[in-house]
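Okay, everyone, thanks for coming.

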Amino acid sequence: TKRFPTKMPAFRQVGEKQLPNPVLCMAWSPKRDLIALANTAGELLLHRLANFQRVWSLPPNENTGKEITALAWRPDGKILAFSLGDTKLVVLCDAEKAEILHLFPLENPVSCMHWMEVLEESSVLNSFYTSEDESNLFLPKLPTLPKSEEKSDEILNLLGEVRLNILVLGGGSGFVELYAYGMYKIATLPGVPGTCSSLCLSSDLKSLSIITEIRSADNDPEICYIQLDTGLLSDCLPEVTRMARKFTHISTLLQYLRLSLTCMCEAWEDILMQMDLRLTKFVQVSGHCLGPELQALLMNQLTVKGLKKLGQSIETSYSSIQKLVISHLQSGSEALLYHLSEVKGMSLWKQKFQPLGLDSAAIEDAITAVGSFTLKANELLQVIDKSMKNFKAFFRWLYVAMLRMSEEHVPPELNKMTQKDIAFVADFLSEHFSENEELFDRKGKYFNVERVGQYLKDEDEDLVSPPNTKGNQWLKFLQESTHLKESPLLFPSYSQKSLHFVKRMMEGVIELCLQKPAEVIGKSVKQAVCLPLYTVPESDNNCYRTIFLLHVCFSSDCVYSCQDARFYDDETLTVVLRASEEENRGRVLAQLPLGSALSCEEEFNWDPSLRLDQQSGAIPVKGLVLENQWRDLENMKAQFVAVNGIRKVACVLSSNLRHVRVYEMDVEDEEDEERPESQNASSDQDGLEETPAIRGEAEGGETEGGGQRAKEQLESGEALELS
C-alpha cells in the first residue's frame, strides 16, 4: 500500500474527549449521528457526533446488572440492546429516553451480538407488510400505562417496523440464539464449538457466520471461522415473518399486562395497606369487646376527620384498580386471544407452518390459559364492586356512629339508611366480624379485611378469602352436567388462586407454546464450513486476534502494523495503523479500498487441513493506493475504531480506552481544522496514556483487570467481517 502525503486528508475531526472510565464497547446508530458507549463502571452512554456531546447516560442498576458485555442497535435506530455478564440478561433500551423497555434472561452470558434486517423483497412479503395492521380494525387501541419512573407506554414501541429483523446473540459453550424483532426467540442453535467472539447473519437469512475461540487443555486457543446453513429461515421467509411478528405481538402484550398488574399493585399498596393496618386493629379490638377500648380507638386514632379521609382514599384506590382491570387487563387479554387465535389458524395450515414447529395443541393450551386469566380479572371486578358497596355503607355507618359518640350533629342525608344499605353493612360485619370466621391467617397475623389485595399478591398459596360460590346456579349446572364439566370449550376458573398466580401460569403456558418453533428451527441448522484460522498463545496480550487476516505492508519508507479494522462499507475497510518500534511516527487512520484487491487474478487455494496462519506465504499480495484516504492521529495512541459507512462517521479510541476522537469521513477539512479542545485533550492525554492499570501492547506490557476485558471485547467486535 502506498500513501501520498501531498493532499489534505478527507477526514474532518468534529469532536474529542477524555472519558473518566475505560470504554468496553462502541456502536454507531444506523440512522443518526449517535454513538453508544459502555464503560467498566457499568454505564451506558449516548453521545452525538458534534463535539462528542453527551445525550444521556444510563447508570448501572442492581436489578439489571453492571457488567455490560456487548451492544447492538435495532436497524431502525430506535432501540439499543445491551447484554450483562453478571446477571445474564439482555436489555432493550429506548434510544430517545434512556428507558428500559424490556429485558429477558439467558442461560449463558453474551459475548457478542449482531442485529440485522432482512432485505429480501417478494410479493408475498410486501402484501404482508401492508396488511399486517389489520388487527387495528378489530381491536381497540391499548390505553397508555400510568406514568412512573420505571414504566411507560413506550413498551408498545418494541414492535417497531413490520420488516423482519433478528437479534443474534453468541456466548460461551457454543451458545447462539436468534431473537426475531429482538424479543421472540426464533432459534436456539446447538453444536457450535468454543466461545463466540463475533457473528453475522446474512441479510437473506441463508447463512450465519461465526468466529469462535476453541480452547483445549493441551494446546493454545484456536480461532476458527464457522459458517452455518440457515436455509429453513430463508426458504420459509414469509411464514417465518408472519409467525415471528405474531409472537412478538404476544411477547409485547405479556409485558404490557405485567406492567398493568404492577400499576394495580402500586395503587393497592400506597393506600389500601394503610387502611388495612387500621381496620385490622379495628377487627382485633371489636372482635373482643365493644366497650371503652373500641370507643377510644375510634375517637383517638381514627378520628372523625381521619375516617372520612380514609373512606375517600379507599374509594379512589378501588376506582383506580377497577379502571386498570377494565381498560388494561381486559383489553390486553382480548388482544392476546386475537393474536393466539390467528397463530392457531397458521398452525392448522400444516403445509406452510408445520416445518417451523407450530403446535396447534400447545397454542390451544395457551388460548385456554388466557381465557382463565380473563375470568380471574372479571372475578376481581366483581370483588371490587362488592367491596366498594360494602365499604361505603360500613364507613357511612361508622362515621355516623362516631358523630353520635362525639355528640356532634348528624346531617339528615347520612341519618337515613335504606334497607339495602343496612344489608351491605350486615354483609360486611358478618364477613369480617363473624365469630365463626378465623381471625388468624396461616401466617399467624390477624385476618386481612381487605379482599382485593389478596388477588394482587404474588404467592402460590390459595386465597385467604375466596369468593363465596354457594347458590351459583351456573356452577351448579356445570357440576351436574357430565358433558360440560370436562368440556374444552370452557375455561377453568381457578377460584382458589390469586390473579398473579393465574398470570404466571398463563405466561408459563405461552412460553411453552413459543419454545417449540425455536427448537425445530435450531435443529434444522447445519454446519457448512469450519476453517481454523490461527492460534493465540496464552501469553499473548490479544492485540492482533481480530486483524490477523489483514496484512498491510507499506512500500514507502515506513512499515505499519494493523491495530484494528472495521468494514466501512462493502468496498472499503477502515483501519488503525501503527508504525514499527524503530520508527518515530504516530498512528494512522486510513480507508483501504478493497475493489481491486477482491478482483485479484491470482487465486488462493485454501488447504482445509491447515490453519490459515500456516498458509500465509501463499496468500496473494495486492498493492493499493490510499491517495488522500488517510490521516495521522497526532498525540494519540489509537488502538480501536468504530465506523458507520451509511452516516460516514468514525470514532477512534486510544489504547488506554479513555481518549476518543470522532470524524466525519467523506469531507474535505477546513484550513482551520485544529480545534482548541483538541489541543487541550491532547495535552491531558499523555498522562492518561501511561495509566499503569491499562497498558496497551504499544507499551510492551500486559493489559490487566477491566482494561484487559475491555480490549478483548473491542477486539472481538467485528472479527467475522475480516474473514
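Let's start with Glu239, which counts as buried at 11% relative accessibility. Keep in mind that this is a predicted model. The side chain of Glu239 meets that of Lys352 in a salt bridge, at 3.6 Å from N to O. Glu239 lies in helix H4, residues 237–286, and Lys352 lies in helix H7, residues 350–353, so this pair ties together parts that are 113 residues apart in sequence. And Lys352, is that one buried or partly exposed? With 32% relative accessibility, Lys352 counts as partly exposed.

Helix H4 comes up again with the next pair. Glu342 and Lys246 meet through their side chains in a salt bridge of 2.6 Å, N to O. Here Glu342 sits in helix H6, residues 304–348, and Lys246 is in helix H4, so the link ties together parts 96 residues apart in sequence. Glu342 has 32% relative accessibility and counts as partly exposed, whereas Lys246, at 9%, counts as buried. There's also a network: Arg258, Lys503 and Glu507 are joined into one by salt bridges that share partners.

How many salt bridges does a search of the whole structure find? It finds 17. One more of them is worth a look: the side chains of Arg12 and Glu664 meet in a salt bridge at 2.6 Å, N to O. Arg12 is in strand E1, residues 12–18, while Glu664 is in strand E24, so this pair ties together parts that are 652 residues apart in sequence.

Asn656 is found in the loop between strand E23, which covers 649–654, and strand E24, which covers 659–664. What does its side chain touch? The side chains of Asn656 and Ser654 are joined by a polar contact of 2.4 Å.

Which strands pair with E19? Strand E18, residues 560–569, runs antiparallel to E19, and 8 bridges join the two. In that pairing, Cys562 stands opposite Leu577 in E19. E18 and E19 form a hairpin, with 2 residues between them. E19 also pairs with strand E20, residues 587–593, in the antiparallel sense over 7 bridges. There, Thr572 stands opposite Pro593 in E20.

Let's move to another sheet. This one is open, has 4 strands in the order E2-E3-E4-E5, and its pairing is antiparallel. The edges are strand E2, residues 23–28, and strand E5, residues 54–58, and each of these pairs on one side only. Neighbouring strands in this sheet are turned by 15 degrees against each other on average, ignoring direction. If you zoom in on strand E4, residues 44–48, you'll find 4 bridges joining it to E5, and the two run antiparallel. Leu46 stands opposite Trp56 in E5.

Last topic: cysteines. A disulfide is a covalent bond between the sulfur atoms of two cysteines. How many disulfides does the structure hold? It holds 0. Take Cys112: the closest cysteine sulfur is in Cys196, 5.2 Å away, which is too far for a bond. Cys112 counts as buried, at 7% relative accessibility. Then take Cys530: its sulfur is 4.9 Å from the closest cysteine sulfur, the one in Cys224, and that is also too far for a bond. Cys530 has 36% relative accessibility, so it counts as partly exposed.

That's my tour, so let's go to your questions.

Technical notes. Residues numbered from 1 in each chain as written. Predicted model: local features only at pLDDT ≥ 70, side-chain atom pairs only at ≥ 80, totals over all residues. Heavy atoms only, no water. Polar contact = N/O pair within 3.5 Å; in protein donor to acceptor, adjacent residues only side chain to side chain. Pairing = 2+ DSSP bridges. Axes fitted to C-alpha atoms, helices over the stretch in contact; angles between N-to-C directions. Disulfide = S-S within 2.5 Å. Buried < 20%, exposed > 50% of the residue type's maximum accessible area, 1.4 Å probe, protein only. Salt bridge = Lys/Arg side-chain N within 4 Å of Asp/Glu carboxyl O.
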